[in-house]
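User: I would like to go through this structure by question and answer. Please begin with the terms you need.

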Amino acid sequence: MSLIPIRVYGEPVLRKVSSPIENINGSLVKFLKDMNETMLAARGLGLAANQIGKTVRAFAIDMNQFDVLDEPRIIINPEVMETGGEIVTGEEGCLSFPGLYQMIERPTKITIKSVNLDGKEYYFDAQGLVARVILHEIDHLDGVLFIDKLSSAQRNLIKSKLKRIKDGERV
Ligand code: CO
């Protein structure tokens with residue numbers, strides 16, 4: 001397995017809408033496993049495929065971090081079927097924004113339809129931080145970044161940090 005460089009804010013690939021995966025072949029499985037390794041090495045909670053340069057609808061999530069399941073997971077072609085609970089504000093970071101943490105509003109409960117590495121469709125529910133991470137990653141697949149969820153006043157406050165991230169710094 002190999003680690004793949006993570007793209008940072010300012011790179012056009014982060015704004016692309018990713019395409020559904022139709023054929024889970026050997027080279028794609030290798031890429032998805034590399035994505036997972038890259039996430040673990042970077043100590044991220046999640047990592048979307050376009051953050052390492054490939055515009056396909058998949059992301060990795062490290063469930064280990066949440067004490068929910070005992071292994072990281074690769075989620076393919078995720079769709080949000082339902083959201084519920086409350087809308088709460090919580091802190092988020094992103095491997096494409098080194099050092100930046102912001103308070104973002106998300107629903108507390110979601111139901112997701114997805115495909116596993118064997119191509120099988122399945123549904124699962126997630127809550128709290130897991131739901132937050134999954135929604136953050138699905139946004140990546142649509143070219144949406146967490147800073148897009150901020151008010152213009154909030155975005156103004158981090159303008160200089162965003163510029164520094166674009167210049168390759170950690171903020
Ligand atoms: Co992110």
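Analyst: Helices, of at least four residues, and strands, of at least two, are DSSP runs numbered from the N terminus. The model is predicted. Serine 18 has its place in the segment before helix H1 (26-41).

User: Is serine 18 buried or exposed?

Analyst: Buried means under 20% relative accessible area. Serine 18 has 4% relative accessibility, so it counts as buried.

User: Which residues is serine 18 in contact with, leaving aside its neighbours within four places in sequence?

Analyst: Serine 18 belongs to the segment before helix H1. With its neighbours within four places in sequence left aside, its contacts are Asn50, Thr55, Val56, Arg57 and Leu141.

User: Where does threonine 55 lie, and which residues is it in contact with beyond four places in sequence?

Analyst: Threonine 55 is in the loop between E1 and E2. At 29% relative accessibility it counts as partly exposed. Its C-alpha atom is separated by 13 Å from that of glutamate 22, the two being 33 residues apart along the chain. Leaving aside neighbours within four places in sequence, threonine 55 is in contact with Val13, Lys16, Ser18, Ser19 and Asn50.

User: In what order do the elements of the chain run from the N terminus on?

Analyst: The chain has four helices and five strands. Read from the N terminus on, the order is α-β-β-β-β-β-α-α-α.

User: How many bridges join E2 to E3, and which residue in E3 stands opposite phenylalanine 59?

Analyst: Strand E1 (residues 46-48) and E2 run antiparallel and are joined by three bridges, with leucine 47 opposite alanine 60 in E2. E2 and E3 also run antiparallel, and the number of bridges between them is four. The residue in E3 opposite phenylalanine 59 is isoleucine 75.

User: Which residues of strand E2 point the other way from Ala58 and Ala60?

Analyst: Strand E2 covers residues 58-61, and all of them are buried. Ala58 and Ala60 point one way; those pointing the other way are Phe59 and Ile61.

User: What are the protein donors of the cobalt ion, and what spacing do they follow along the chain?

Analyst: The protein donors lie 2.1 to 2.2 Å from the cobalt ion and are Cys94 (SG), His136 (NE2) and His140 (NE2). Along the chain their spacing is C-x41-H-x3-H.

User: How many residues apart in sequence are the parts that cysteine 94 and histidine 140 tie together?

Analyst: Cysteine 94 lies in the loop between strand E3 (73-92) and strand E4 (102-115), whereas histidine 140 is in helix H2 (residues 128-141), so the pair ties together parts of the chain 46 residues apart in sequence. Both cysteine 94 and histidine 140 are buried.

User: How far apart are the end C-alpha atoms of H2?

Analyst: H2 has 14 residues, and at 1.5 Å a residue these should span 20 Å. The value in the model agrees with this: its end C-alpha atoms are 21 Å apart.

User: What is the phi of glycine 143?

Analyst: Glycine 143 follows H2. Its phi is positive, near 75°.

User: Which residues does glutamate 79 touch, not counting those up to four places away in sequence?

Analyst: Glutamate 79 is in strand E3 and is partly exposed, with a relative accessible area of 40%. C-alpha to C-alpha, glutamate 79 is 9.5 Å from tyrosine 123, and the two are 44 residues apart in sequence. Not counting residues up to four places away in sequence, glutamate 79 touches Thr111, Ile112 and Lys113.

User: What radius of gyration does the chain have?

Analyst: The C-alpha atoms fill a box of roughly 45 × 35 × 30 Å along the principal axes. For 171 residues, a compact globule would have a radius of gyration near 16 Å; the chain agrees with that, at 15 Å.

User: What share of the contacts with a separation of 6 or more comes from residues 24 or more positions apart?

Analyst: Buried residues make up 44% of the 171 residues in the chain. Of the contacts with a separation of 6 or more, the share from residues 24 or more positions apart is 64%.

Definitions and conventions:
Residues are numbered from 1 along each chain as its sequence is written. This is a predicted model: local features need pLDDT of at least 70, side-chain atom pairs count only at pLDDT 80 or more; totals for chains, interfaces and linings use all residues. Side-chain values use heavy atoms; hydrogens and water are left out. Donors are N, O and S atoms within 2.8 Å of the metal (3.2 Å for Na, K and Ca); water is not among the atoms, so sites may look incomplete. Buried means under 20% relative accessible area, exposed over 50%, partly exposed in between (1.4 Å probe, protein chains only). Two strands pair if DSSP finds at least two bridges between them. The radius of gyration is taken over C-alpha atoms; the globule rule is 2.2 Å times the number of residues to the power 0.38. Contact means heavy atoms within 4.5 Å. The expected span of a helix is 1.5 Å times one less than its number of residues.
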